[in-house]
Amino acid sequence: MKNEALFTEEVEPPGIYSGLVQIDFNVEDLFSSHHTLLSYPVARTTGVHYSFRFKESQKSRTFRKRFYPHITSSEWNDWTWQFRNRIRDIESLAQILWLAESERQAMDHHSGSLPVAITPYYASLLDEYDTSQPLRRMVVPTSDEHHYSEGEARDPLSEDHDSPVPGIVHRYPDRVLFLVTDTCSSYCRYCTRSRMVGSNTHSLSHFNTWEKAIEYIEATPLVRDVLLSGGDPLTLSDDKLEWLLSRLRRIPHIDILRIGTKAPTVLPHRITPKLTYMLKRFHPLWISVHVNHPDELTTEMSHACMRLANAGFPLGSQTVLLREINDNVDTMRQLMHGLLKMRVKPYYLYQCDPIPGSSHFRTPVQTGLDIIEGLRGHTTGYAVPTYVIDAPGGGGKIPLLPEYVIGRDGDDLMLRNYQGNVYRYPDCGSIQENVT
Ligand code: SF4
């Protein structure tokens, strides 16, 4: 009864999630079907009967019936099925999409890290014929990836330089980035960590790597904030995640934990009640969701974000500014408004990092400034992310703002508002001078 009470918050608001499919499962069944690492100490919750519902959108259902006719709705909604059945080669992709020569060439000539992987769910959102469709461009490679430009670098943010031990990037004084895996459920063609994700070495998710990284954090009392990233930490099993978070929570100087993930966008089924139940033990835990386009804001993603928000995780978004994908005010406004409706606060808008072969994704910086100018003042402030350049060479995130301070007139500050009107503000320096 007590455990059932923990999940009363799964009740959806009236009208939005009507007609949901009821799926019952037993937690122990889930544990046995997951990939687990037996050497990890695990605190398991047993004997709890979870009941949850996950709505399959009409688009997903139509796609499933056409391309996966023997797969049931339960299988489709199982994140481990989605993960195991990711589309990873040209033959599988060609069964679902008509492929242009540029796409075929890119897949034929690919080698090294940043392979192709697309969850069947995300594939259901792709246009079968339109190679310029924004969602398709983000996950299907083209031969543009093999055109290198000046200023591009494998590790444009110099993360390797700021890595005291494998898996840790310590750039800012009070926080570290903890790269816990190199695996993602879908690989983004513009990925900042293209040099390492999907490399198949799995060195980042090795137990010894984690132990050394945790030892570094334990020995560095200035660190109060740990951001788990990768790769995508939510590709790890619940057991592994629980082990990691338990170890980090035992460190007295760690105030907050954060997870950066794209799961709600490309693998929303990963956000199970069992996962949120486990993660709730590690509050304060913040979650950043990587999302770039309003077409990604599906019923499934909405449901995943609802589960996370209902479990008390503050949600923020991370969006990469991408040419001819989301590089205009209308698209960004739709995206930010949609995120707010899912209780995700738009957090960062990133200028696309100059990884090798990324020039077809990058926009002029002025495009980002124009987007911020088109949002700020024109819509709720919560809908406006901070636009940043992660400075090449390891300078960290540098915020960029349109010019709202246009100068001074004596001690007065001359300001421009969102409509372009100029206002005078008596700066406190001049007031104090008059008082004395
Ligand atoms: S989900 Fe993140 S880490 Fe993975 S490929 Fe995309 S941008 Fe890179």
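Me: How many helices and strands are there in the protein?

Reply: There are 17 helices and 14 strands in the protein, and everything said about them here rests on a predicted model. Buried residues make up 38% of the 436 residues, and among contacts between residues at least 6 apart in sequence, 77% join residues at least 24 apart.

Me: In which sense do S6 and S7 pair, and over how many bridges?

Reply: S6 and S7 pair in the parallel sense over five bridges, with Leu-257 opposite Leu-285 in S7.

Me: How many of the residues of strand S7 are buried?

Reply: In a regular strand the side chains alternate between the two faces of the sheet. In this case, five of the six residues of strand S7 (residues 285-290) are buried, which leaves the strand mostly covered.

Me: Which residues of the largest nonpolar core touch the most other members?

Reply: The general idea is that, in soluble globular proteins, nonpolar side chains tend to be buried together. The largest nonpolar core here has 86 residues, of which Val-176, Phe-178, Val-180 and Tyr-187 touch the most other members. Helix H14 (residues 299-310) supplies the largest share of this core, five residues. Taking Val-176 as a worked example, and leaving aside residues up to four places away in sequence, one finds that Val-176 touches Ile-168, Val-169, His-170, Ile-217, Val-223 and Val-226.

Me: Which residues surround the ligand?

Reply: The ligand is surrounded by Cys-184, Tyr-187, Cys-188, Cys-191, Arg-193, Val-197, Gly-230, Gly-231, Asp-232, Lys-262 and His-290. This shell divides into five nonpolar, three polar and three charged residues. Tyr-187 belongs to the shell and is also one of the core residues that touch the most other members.

Me: What is the order of the strands in the sheet of three, and what is its pairing?

Reply: Three strands form an open sheet in the order S12-S13-S14, and the pairing is antiparallel. Strand S12 (405-409) and strand S14 (422-426) are at the edges with a single partner strand each, so one side of each lacks a neighbour in the sheet. The twist from one strand to the next averages 30 degrees.

Me: Which residues in the hairpins of this sheet have a positive phi?

Reply: The hairpin of S12 and S13 has two residues between the strands, and Gly-410 in the turn has a positive phi of about 65 degrees. Four bridges join S12 to strand S13 (residues 412-416), and Arg-408 stands opposite Leu-413. In the hairpin of S13 and S14, with five residues between the strands, Gly-420 takes a positive phi near 90 degrees. Five bridges join S13 to S14, where Leu-415 has Tyr-423 as its bridge partner.

Note on methods. Residues numbered from 1 in each chain as written. Predicted model: local features only at pLDDT ≥ 70, side-chain atom pairs only at ≥ 80, totals over all residues. Core = buried A, V, L, I, M, F, W, Y, C linked by C-beta atoms within 7 Å. Buried ≥ 20, exposed ≤ 12 C-beta atoms within 10 Å, placed from the backbone. Contact = placed C-beta atoms within 7 Å. Near = placed C-beta within 6 Å. Nonpolar A, V, L, I, M, F, W, Y, C, P; charged D, E, K, R; others polar. Pairing = 2+ DSSP bridges. Axes fitted to C-alpha atoms, helices over the stretch in contact; angles between N-to-C directions.
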